[in-house]
Amino acid sequence: MTDITAGSLPVAARPARRDIGIKRRYAAEARFKAYGIAAIIFGLVFLAIMLVTIFGKGYTAFWQTNITLPVTYDAAIIDPQNKSAADPSVLVKANYEKLAPRALAAKLGIEAKDKPTLAKLKAFLSDSARIQLRDALVNDPSLMGKTVDIPVLVSANIDSAFKGQVDLSVPETRRKVKDLQITWMNQLASEGALAQKFNAGFFVNGESARPENAGIGVAMVGSVMMMLIVLVLALLIGVAASIYLEEFAPKNRITDLIEVNINNLAAVPSIVFGLLGLSVFINFIGLPRGAAIVGGITLSLMTLPTIIIATRAAISAVPPSIRQAALGLGASKMQMVFHHVLPLAMPGILTGTIIGLARALGETAPLLLIGMVAFVANYPGIPTDASTALPVQIYMWANAAERAFAERAFGAIIILLIFLMAMNITAIILRRKFERRW
Amino acid sequence: MSGYLTFLLIMIIGIAAFFVGRSRALAVDTGGQKAHSRPHYHGAWAMLCATMPALALLVAWEIGATAYINRDISNQVALLSAAAGSANTDVTAGLVKSLAHGLSLLDPAQASNLPKTMGELAPLLADKGVTLAPDTKDYMIPLAADANAQFNRIAWIGGLATIALSILGALYGLSQIAVRVRARTKVEKVVLWSLFSASTIAILTTVGIVLSMLFQTITFFGQVSPVNFFFGTVWDPRFASAGSGASQGQFGLIPLLAGTLYIALVALLVAVPVGLMSAVYMSEYASKPVRSIVKPALELLAGIPTIVYGIFALVTLGPWLRDLSAALYSGSPFIQGQSILTAGLVMGVMLIPVVSSLSDDIITAVPQAMRDGSLGLGATHSETIKRVILPAALPGIVGAVLLTASRAIGETMIVVLAAGVAANLTANPFEAMTTITVKIVNQLTGDLEFNSPQTLVAFALGITLFFVTLVMNIVALAIVRKYREQYE
């Protein structure tokens, strides 16, 4: 028998395939996928551009240009009547304003007799130079009559010029930094007297009219105070309300009303909470304007719905078997909730709280309305002192006219983003670590 | 006796009552009958009896005393200022109160022989760090000293009464300790009531929001007619004090409302397509490693505070768009530095994660059976999404869009920095328009008298905003509930 192979059998011709447009449809599929990828890339590229811009414009705020001057503490200017041994306050009240420009002139090796040059010398250094000189002498009165090297800050304009942020091609009459000052700056830099140092004052100082002295210290303390108030108030009230709503609330009209209210409050714009804080806490109750406690209460009212929603989800995730086991062993309902359900729901509650706190840390609009836009230069001691907050400080610096303030605003944004990232990462780590699969 | 000191004493008495009660409960339980409650419940009940009524009395006393002293000062000021010829009773009363607060900081020796004139008194106060308004007159000194003395007397009486009540409460609680007494039930009832009152804070907040803005709005509508406000097309508040008769300016809502809606529209035009497509891609097409990287990255967008977006728009995006339009139009820019386009674009990017996460939940909620059925009938993946899944998820997506729109309408910081403050009505997206939230901030962060229409209009705007967003949220929830198909 001959083998019958597939190749030798007669085969009918294939019918023509009906054109169902498969090529077109696959092309549409590929386009659809491309749209999706394009959308994601759009979002991520925007995020990347934003972060790069912020970092690029802000990291220079952490370095500040200093100049080391040979300062002569001339007794004839500071203490002409030689009273300092008897009355130390003479050293505090003396006129240090002349000493720094003199020292600068001496360092540059020029004789400054005409007014324009003197003005440029004075504008080269920061106005706070006299305070730095005073503090050095008050700490060590034996310096009187001697010549010592003291580092002082330069003015913000020179600082910007040194960092290369000033456009020097603009004609001299249209910029704040004059050519003579640029020459001095280059000369001093090549000698090594002018250098950039880490700007520790940025983290410690408060608000100042001079950009070189401005810092976020006061704003951070205000923010921390408010976050503590939010943590205590919103966590306690939120967890209490959630426990009631999840475990004890009967199905009646009041409970419905409470739940509707919580869902609505979660979607109310934050500025409305600012109006509430202004109207009730400042005008009606009479708390001081711009106090940390007003900001704290307003922010905790704003964070409350978020915490309640997260806590309710965490509590309802605890399986009924745990509750019934506790009740079966003779616990009362309250004991069951507080001794068994709540500890097991704690990780979820903590995660929700951290996320709520991170949201509250970045809120600006309500704080603007309760008066935190004031110029607060001193650290707040108690919650009823006037204070400011980090986002509000950023807002005020963004609105300021000088270029150096814009740089500091970006620096403060970097700090704010670092804090927020730390909080979010903590929340994610906590969630992963304590997640239980029931 | 100050309020803080009294509070501290009450707390100490309460804690003492707890420990005494607990040890007494342990002592009483001789083993004859089964004790109903553990000892710490008896201690807790004694502590609650000691602290709760006393704290209530303390709060009521403080409020009452302050109100009484304020009314007293106002009455006396009204009498004396009529004689001295001062203008405003409220301002004078405020001066007396500040003076009284300053006097309370003086040493007892200085306080007992007060100088008669402000000239001598002011340096003494300055030494303690108190500076007073220059309007403070000499006749206010005895008034303020009197008010202080009265307040101290009332505070002492109140403090002693509260401490007495606290001790009585502790004794009552301790006297009730016996073996079969149901202390745990009583304590748990109190705890239940406190949980309930914590949950009513949500209602109180809403009521507070509405009432606080309502009273100011009613005052505002007394000075500016509602028709002019809601239908006026010019926003031009002038700087005039209340009742001065000078031109108050015009307070028309329409330019602000138009700006708000226009910017929200541009933001939604950016956010909804991008957010929806990224949610679809991530839930349908993306592999697990891609999803685990992209999802946190998009949530990072959501975690950035809005002020950062605003500054980015102000400093980088606005000038870039302006320079781009200048380059395109060879010379003069047609996009302004602060424009609707800038603000809308940045707000849209901020809202992308909101749309994305809401849509993600909705799309994954569509049952797998529908996907499988469609794929089984020969549809491609994209056809399944376009013709089966998205229509099934449509009510949820519409709800998500409405919620996003309400967030866009209520957004403040981006528009404060990126949109302008000029209230003009225009259809050109390259010009600047302002929004309701910007004007609320502007009107309240200036130096304006509180009862002038310029300040009160902020509350009118606020209540309008509140109700608009409330209505949008309710409509969104209603749509989702009504049109959601039940598949199981």
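Reader: Fine. What kind of model is this?

Author: The model is predicted: local features need pLDDT of at least 70, side-chain atom pairs count only at pLDDT 80 or more, and totals for chains, interfaces and linings use all residues. Residues are numbered from 1 along each chain as its sequence is written, chains are lettered from A and ligands numbered from 1 in written order, and side-chain values use heavy atoms, without hydrogens and water.

Reader: Which residues of H12(A) and H7(B) make the contact?

Author: From H12(A), they include Val272(A), Phe273(A) and Leu276(A). From H7(B), they include Ile209(B), Met213(B) and Gln216(B). Contact means heavy atoms within 4.5 Å. The residues split into seven nonpolar, five polar and no charged. Nonpolar is Ala, Val, Leu, Ile, Met, Phe, Trp, Tyr, Cys and Pro; charged is Asp, Glu, Lys and Arg; the others, Gly among them, are polar.

Reader: Zoom out. How much area do chain A and chain B bury between them?

Author: About 6300 Å², 80% of it on carbon and sulfur atoms. Buried area is the accessible area (1.4 Å probe) that two parts lose on being put together, summed over both. Chain A gives 71 residues to the contact and chain B gives 75.

Reader: How many salt bridges between chain A and chain B?

Author: One. Glu383(B) pairs with Arg25(A), with the closest N and O atoms 2.6 Å apart. A salt bridge needs a side-chain nitrogen of Lys or Arg within 4 Å of a carboxyl oxygen of Asp or Glu.

Reader: Which helix gives the largest share of chain A's side?

Author: Helix H1 of chain A (residues 22–58), with 21 residues. That side of chain A has 54 nonpolar, twelve polar and five charged residues.

Reader: And over all chains, how many salt bridges?

Author: The count is 14. Among them, Lys163(A) meets Glu407(A) at 3.3 Å, N to O. Those two are 244 residues apart, with Glu407(A) in helix H18 of chain A.

Methods: Helix = DSSP H or I, 4+ residues; strand = E, 2+ residues; numbered from the N terminus.
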